[in-house]
Amino acid sequence: MVRDATEAAIRAVLNEKDFLNELDDKIGDGDHGLNMARGAQAAHEALAELDEEAGLKEVLQAVGEAVTANVGGSAGPLYGAAFSEAARVVDEDCALDAATLEKIFTAMVAEIQKRGNADRGDKTMLDVLIPIRDSFAAENCAGKSFEDILTQARDAARDGLEFTKTIAARKGRAASIGDKSIGCEDPGAASSLIIFRALCAVWKDSLRE
Ligand code: ADP
Ligand code: MG
């Protein structure tokens with residue numbers, strides 16, 4: 001199931017390569033789709049080398065290493081380090097539940113912030129990843145089914161991407177055009193949503209099996 005979800009996210013990134021390039025063309029240098037597709041392809045190849053039985057920890061570790069080794073630009077190294085850090089904090093054989101996802105997204109956000117020094121409102125991938133992290137916090141999940149928790153997180157991620165349209169970039173390449181970036185979605189926030197939406201779709205399907 002971890003592998004199916006990861007492969008679905010990889011396919012989604014490859015499918016949206018041109019769209020992500022177009023977003024980046026408006027406020028950056030037009031290569032975000034290319035960078036993400038390179039990472040997705042490398043992740044796909046790394047997964048093929050893994051044991052059939054590989055769990056969440058090993059998959060995250062393999063994806064993190066593949067992305068770090070193969071993707072340049074600003075987003076690639078941030079995503080690569082974030083996946084590796086997530087791999088470090090999850091337990092072997094952990095269940096896929098809100099607590100595990102909170103752990104993963106807390107680690108990813110912290111690692112991206114440590115390296116990139118950005119926060120919510122700077123028009124980056126963090127405007128999607130921080131709302132996802134917060135939606136998995138215990139106080140926001142009490143009494144809800146896992147399916148409802150995933151829907152809540154996906155909606156928060158979508159709202160986060162919408163929010164990036166309304167603000168000026170303060171970090172990364174797009175910061176150099178400042179207010180001219182208002183009105184455009186952030187490419188890294190868009191790729192985070194694309195990945196998360198694909199993961200959620202597989203996780204939700206698996207609940208109905
Ligand atoms: P580059 O900007 O080097 O061309 P990409 O186009 O692949 O790299 O990635 C751009 C994305 O990287 C941005 O849309 C933004 O979401 C993300 N990004 C850039 N700088 C930072 C940062 N300091 N913290 C978090 N995310 C960042
Ligand atoms: Mg770029």
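1. The structure discussed here is a predicted model.

2. Overall make-up. The protein chain contains 10 helices and 0 strands. Followed along the sequence, its pattern reads α-α-α-α-α-α-α-α-α-α. The radius of gyration of the chain is 16 Å, close to the 17 Å that the globule rule gives for 209 residues, so the chain is as compact as a globular protein of that length. Along its principal axes, the C-alpha trace spans about 45 × 40 × 30 Å.

3. Helix 3 and helix 4. Helix 4 comprises residues 56-70, and it packs against helix 3 at an angle of about 135 degrees, with the two axes 8 Å apart. Angles over 145 degrees count as roughly antiparallel; helix 3 and helix 4 are therefore oblique to each other. Their crossing is right-handed. Helix 3 contributes Arg 38, Gly 39, Ala 42, Ala 43, Ala 46 and Leu 47 to the contact, while the residues from helix 4 include Val 59, Ala 62, Val 63 and Ala 66. By class, this contact has 10 nonpolar, 2 polar and 2 charged residues.

4. Helix 4 and helix 5. How do these two helices lie relative to each other, and at what angle do they cross? The axes of helix 4 and helix 5 come within 7 Å and cross at roughly 155 degrees, which makes helix 4 roughly antiparallel to helix 5. The crossing of this pair is left-handed. Among the residues in contact are Leu 60, Gly 64 and Val 67 of helix 4, together with Gly 76, Tyr 79, Gly 80 and Phe 83 of helix 5. The contact residues of helix 4 with helix 5 divide into 9 nonpolar, 6 polar and 2 charged.

5. Helix 9 and helix 10. Helix 9 covers residues 146-165 and helix 10 covers residues 187-208; their axes come within 10 Å and cross at roughly 165 degrees. The two helices are therefore roughly antiparallel to each other. Helix 9 passes helix 10 in a left-handed crossing. On the side of helix 9 the contact includes Phe 146, Leu 150, Arg 154 and Leu 161, and on the side of helix 10 it includes Leu 193, Phe 196, Arg 197 and Trp 203. The residues of this contact comprise 11 nonpolar, 3 polar and 5 charged.

6. Which residues come nearest to ligand 1? Of the 25 residues around ligand 1, these are Gly 73, Ala 75, Gly 116, Gly 172 and Gly 188. The elements giving two or more residues to this shell are helix 3 (32-49), helix 5 (75-89), helix 6 (98-116) and helix 10. The shell around ligand 1 divides into 8 nonpolar, 11 polar and 6 charged residues.

7. Points to connect. Helix 3, helix 5 and helix 10 are among the elements that give two or more residues to the shell around ligand 1. Helix 3 also packs with helix 4, and helix 10 is crossed by helix 9. The reader may wish to locate these helices in the displayed model.

Definitions and conventions. Residues are numbered from 1 along each chain as its sequence is written. Chains are lettered from A and ligands numbered from 1 in the order in which they are written. This is a predicted model: local features need pLDDT of at least 70, side-chain atom pairs count only at pLDDT 80 or more; totals for chains, interfaces and linings use all residues. Axes are lines fitted to C-alpha atoms, for helices over the stretch in contact, and angles run from 0 to 180 degrees between N-to-C directions. Helices (H or I, at least four residues) and strands (E, at least two) are DSSP runs, numbered from the N terminus. Angles under 35 degrees count as roughly parallel, over 145 as roughly antiparallel, 65 to 115 as roughly perpendicular and the rest as oblique. A crossing is left-handed if the near helix is turned anticlockwise from the far one by less than a right angle, and right-handed if clockwise. Two residues are in contact if their C-beta atoms, placed from the backbone, lie within 7 Å. Ala, Val, Leu, Ile, Met, Phe, Trp, Tyr, Cys and Pro count as nonpolar, Asp, Glu, Lys and Arg as charged, and the others, Gly among them, as polar. A residue is near a molecule or strand if its C-beta atom, placed from the backbone, lies within 6 Å of it. The radius of gyration is taken over C-alpha atoms; the globule rule is 2.2 Å times the number of residues to the power 0.38.
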